[in-house]
Structures are given as structure tokens and as C-alpha cells.
Amino acid sequence: MSWGTELWDQFDNLEKHTQWGIDVLEKYIKFVKERTEIELSYAKQLRNLSKKYQPKKNSKEEEEYRYTSTRAFLATLNEMNDYAGQHEVISENMTSLITAELTRYVQELKQERKSHFHDGRKAQQHIETCWKQLEASKRRFERDCKEADRAQQYFEKMDADINVTKADVEKARQQAQLRHQMAEDSKAEYSSTLQKFNSEQHEHYYTHIPNIFQKIQEMEERRIVRIGESMKTFAEVDRQVIPIIGKCLDEITKAAESVDHKNDSQMVIEAFKSGFEPPGDVDFEDFTQPMKRTVSESSLSNSRGDGKSEPKFGSKSKGKLWPFIKKNKGAGPEDFSNLPPEQRRKKLQQKVDELNRDIQKEMDSRDALTKMKDVYIKNPQMGDAASVDHRLAELGQNIEKLRLEVQKFEGWLAEVEGRLPARSEQPRRQSGVYEAQNASGVNSCAQDRESSPDGSYTEEQSQETEMKVPATDFDDEFDDEEPLPTIGTCKALYTFEGQNEGTISVAEGEMLYVIEEDKGDGWTRIRRNEDEEGYVPTSYVEVYLDKNAKDVHKPLQKISE
């Protein structure tokens with residue numbers, strides 16, 4: 001099967017076919033190029049999608065990614081980023097292995113095709129020239145033969161005519177011989193030209209054209225093979241990234257399987273556990289007795305109504321005085337005493353770890369400077385050893401300050417860890433509005449009455465507590481008001497150092513008057529005498545409500561356990 005023998009007369013059709021082949025190749029190149037652009041666009045969109053849902057640094061959203069479900073989602077985002085990278089690899093490989101290679105090959109193919117068809121046209125022109133030469137020789141031979149015949153007929157006519165002179169006859173005979181000779185010469189030339197043409201024509205159709213067409217056939221077959229190989233490469237480029245894409249999908253599956261609902265539930269407990277015990281039963285308030293006392297709401301009315309504690313300010317009445325309000329509305333206290341015990345412990349532990357890291361960093365800097373100083377001492381030409389003394393002194397002071405800070409926070413941490421209530425302790429009534437108060441920075445101090453001082457939430461934990469309240473003024477003066485009547489007595493279970501505004505200090509075992517019951521915030525208002533009254537944590541006192549209590553101010557004796 002050869003184009004040279006089978007298609008010897010299809011020069012024009014072969015030229016059109018090979019041009020069509022090049023067009024097909026260029027069309028395939030364009031197809032692959034557009035595929036690479038799609039892959040890049042897809043990869044870019046995947047990366048943008050992954051970036052869009054990544055948690056923002058140093059934000060609340062980042063803290064939410066400690067749960068297994070959100071960590072799995074984060075792993076999915078990261079794997080999708082790698083997944084996008086594989087599509088970029090597909091684009092890069094197709095560009096380098098297919099688009100670039102085929103583009104270069106098309107240019108070479110066009111040059112080769114041009115060369116082959118140039119040779120074909122040249123051979124065609126040569127055989128046409130030979131044919132024209134043959135035709136010219138043939139016409140000349142034909143003309144000379146006709147001229148010789150006419151000359152011969154003219155001679156014979158002259159020879160037969162008796163009236164013609166012998167000289168004219170001789171002249172006619174010589175002319176006839178000359179024409180016969182010219183005819184013979186033309187015949188010989190025509191014969192030679194014909195042989196030459198036949199030889200050239202044979203050479204043209206059996207040697208030159210077959211060779212040229214064979215080269216064109218080989219060129220076309222190489223093009224076909226090349227486009228087939230490119231299609232195979234097209235598939236291989238995709239196949240090469242399938243294992244990596246499979247790994248990405250496996251990692252997503254692995255992350256999904258790592259989701260642990262029990263662990264997430266436990267983390268919610270660790271994140272929001274206050275350390276307080278649930279409230280006990282609400283005491284019955286008997287309003288049938290005619291006693292002069294302020295009407296108090298249900299202990300948990302505020303929290304169970306709308307879930308928010310709404311202290312009313314702006315009145316001069318002897319209503320509820322919030323004992324740990326501070327005028328400033330800045331950040332919370334340094335010891336995190338505005339937080340529940342469990343949350344406070346976590347914050348203090350984080351602070352201790354952070355300070356220890358800072359200390360290590362400063363110590364590393366000091367060690368590096370110390371080595372530099374030693375080098376300067378041994379090699380004075382490299383630098384002045386005294387130049388680092390000031391910085392070393394600064395580092396020493398910084399380390400000392402940080403150690404003092406660590407000791408301070410470790411002390412608070414030890415205090416919290418030692419005073420967290422045990423689960424086996426008997427629960428008692430405590431603030432039911434803690435959650436709302438915690439949102440405002442208010443810390444409920446209700447604890448188990450039977451717990452020892454080391455097992456209760458002490459005033460030291462709450463004395464610096466700060467509550468963020470609505471920006472409204474309130475009158476915290478107690479002057480020019482009639483004292484509230486007593487509604488019972490109480491005994492101090494533990495010593496309480498009242499250092500915040502509105503609180504009162506009590507000694508363990510001391511008996512005092514109760515003038516306002518706990519309204520659900522963990523504080524009871526008491527009076528020692530006409531001049532001394534204030535709030536103490538309800539968990540620090542044992543209250544004895546007396547329906548027949550009168551507003552007397554005789555001294556109460558201190559009772560020791």
C-alpha cells in the first residue's frame with residue numbers, strides 16, 4: 001500500500017488532505033489548551049472556596065475549630081486545597097506535554113509538507129516541459145514530412161513536363177532531396193525526443209512521484225501517530241493524579257470518621273462548665289404575716305422570666321445593691337475572678353503556660369547574648385563585650401518580672417484548684433441567673449454550705465469581679481433612708497473579707513441580722529448594727545428566717561462551732 005503507486009495521479013487531493021490533517025491537529029491543540037484553562041479556573045475556584053471557609057486567625061471562629069466535627073471540616077478544606085493543586089498539575093502537564101509539543105510539531109509539519117509538495121510541483125513542471133519538447137519535435141517532424149512530400153510531388157511534376165528545362169528539373173530534384181533530408185533529420189530528432197520523454201515519464205511516474213508521495217504518506221502517518229500519542233498522554237496526565245486525588249478523598253473520609261460526638265459533647269462541658277452546683281429548692285415566703293419588709297421577688301424570677309438579670313438602678317430605695325459593681329467598664333480583673341471556677345481555672349492555666357513560654361523565649365535570648373559576649377571577650381576585634389551588658393540586664397529584669405507573674409498566677413491557680421467543689425457535696429440553692437450574669441461579667445458565689453473554706457468559692461475569687469451593666473446611673477448612697485426591718489438572723493460559716501463596694505466583712509461564727517434575703521444572685525443583705533450593713537455571699541452564712549423578728553439591734557454574740 002503506497003500512495004506513490006496507488007495515488008500517482010492524485011496530487012491535488014493529497015495536498016488538500018494533508019492540509020486537512022494539519023487543521024485537525026491544530027483543532028486538537030486548541031481543545032487541549034481550553035481544557036487546561038478550565039482546569040486552572042476550576043483549581044482557582046476550589047482554592048478560593050477553601051480560603052473563604054478557613055477560620056480567621058485570632059477570632060472566635062478559630063476557637064470553634066477545637067471540636068472534632070469542625071476539625072474534620074477544616075481537614076476537608078485543606079484537602080480540597082490539595083485537590084485543587086492536582087488540577088493545576090493536570091493543566092501544567094497538558095500544557096507542557098501536549099500543547100507546547102504539538103504546537104512545535106505543527107510548525108515542523110508545515111515546513112515538511114511545503115518541501116514535499118514543492119518537490120512534487122517541480123517534478124510535475126519538469127515532465128510537462130519534456131512533453132512540450134516532444135510535442136514541438138513531433139510537429140516539426142510532421143511539417144518537414146509534409147514539405148518533403150510537396151517537394152517530391154513538385155519534382156515529379158517538373159520532371160514529367162517536357163516544356164520545363166533540364167535546369168529547372170534538376171533544381172526541383174535537389175529541393176526534393178533537401179526536404180527529404182530535413183524530414184529524416186526531424187524524424188531522428190523526434191525519435192530521440194520521444195525516447196527521452198518516455199524515459200523521463202517513466203522516471204517521473206515510477207520513481208520521482210512515488211518517492212515524493214511516499215514521503216508525504218510517511219509525514220501524514222507520523223501526524224496520525226502523534227495525535228494518537230497525544231490523546232494517550234491526555235488520559236495519562238489525568239490518570240497520574242488519580243492516586244493523589246484518591247489520597248485527598250481518603251483523608252477527607254478519615255477526617256469524617258474521626259468525628260467523635262462524645263468527645264465534642266465533653267468539650268462543650270469543659271468550655272462552659274461553671275463549677276457551681278445546681279440550685280436547691282426555693283424557700284416558701286409567707287406573706288400572710290403582717291410584717292414590715294420589702295417585697296422580694298421569687299429568688300429565680302429574673303432568670304426564669306427572660307433569662308437576663310435586670311437590676312434596677314436610679315432609685316434611692318433600699319432595694320438590691322449590687323455589691324461588686326465597679327465604676328470602670330474596662331476589661332475583666334487580672335485574676336479572672338469574674339469567671340466561674342472551672343472557666344477561671346482554664347484561663348489561669350492558659351496564662352501560666354503563656355508566661356512560661358515568654359520566660360523560655362527570654363532565656364533563649366539571654367543565652368544567645370551570653371554566648372555572643374563570650375565570643376567578644378575572646379575576640380575583641382569582633383565586637384565590644386560591654387555593649388551587650390545593658391541588653392543582658394534588661395533580659396534578666398524581664399525574666400524576673402515574668403517569674404513573679406507566673407508565681408502570682410500559679411497562686412491563683414492553686415487557690416482555684418483547691419477550692420473547686422467536689423461532685424459528692426450536697427447541693428444547695430444558688431444563683432439561677434448565673435448564665436445571664438456571666439454574660440454581663442457578674443459571678444455568682446453560691447456554693448455548698450457544708451463545704452469547708454477550702455472547698456467553697458471564696459470571696460478572694462470574686463472580690464475583683466467586674467460586672468458590665470447598662471450605662472445607667474444609680475444612687476449607691478444609704479443616707480437619709482429608714483433602715484430596713486430585720487427578717488431573721490444568720491450565722492457566718494466562714495470568714496469573709498468584704499473589700500468591694502456594698503459588702504461587709506464577717507468573722508466565722510458571728511451572728512448577724514438578715515434584712516434582705518437572697519434574690520437569686522448569690523448574695524444576702526445583713527446588718528451588724530445600725531451603722532454597719534452590707535452583702536455577704538449566701539454560701540458563707542446560714543440563714544434563720546424569723547417571721548416574728550423585730551428590728552432590734554442588741555448585740556449578737558459570736559458563736560464558735
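Axes are lines fitted to C-alpha atoms, for helices over the stretch in contact, and angles run from 0 to 180 degrees between N-to-C directions. Helices (H or I, at least four residues) are DSSP runs numbered from the N terminus. The model is predicted, so that local features need pLDDT of at least 70 and side-chain atom pairs count only at pLDDT 80 or more, while totals for chains, interfaces and linings use all residues. Residues are numbered from 1 along each chain as its sequence is written, and side-chain values use heavy atoms, with hydrogens and water left out.

Helix H4 (residues 68-160) packs against helix H5 (residues 166-257) at an angle of about 175°, their axes being 7 Å apart, which makes H4 roughly antiparallel to H5 (angles over 145 degrees count as such, and those under 35 degrees as roughly parallel). The axes of H2 and H5 come within 11 Å and cross at roughly 15°, and therefore H2 is roughly parallel to H5.

A nonpolar core is a set of buried (under 20% relative accessible area, 1.4 Å probe, protein chains only) Ala, Val, Leu, Ile, Met, Phe, Trp, Tyr and Cys residues joined through side-chain atoms within 4.5 Å. The largest has 31 residues, of which Leu25, Tyr28, Met94, Ile98, Phe213 and Ile216 touch the most other members. Helix H2 (11-52), H4 and H5 each give two or more residues to this core, and H4 gives the most, with 11 residues.

Methods: Angles under 35 degrees count as roughly parallel, over 145 as roughly antiparallel, 65 to 115 as roughly perpendicular and the rest as oblique. Buried means under 20% relative accessible area, exposed over 50%, partly exposed in between (1.4 Å probe, protein chains only).
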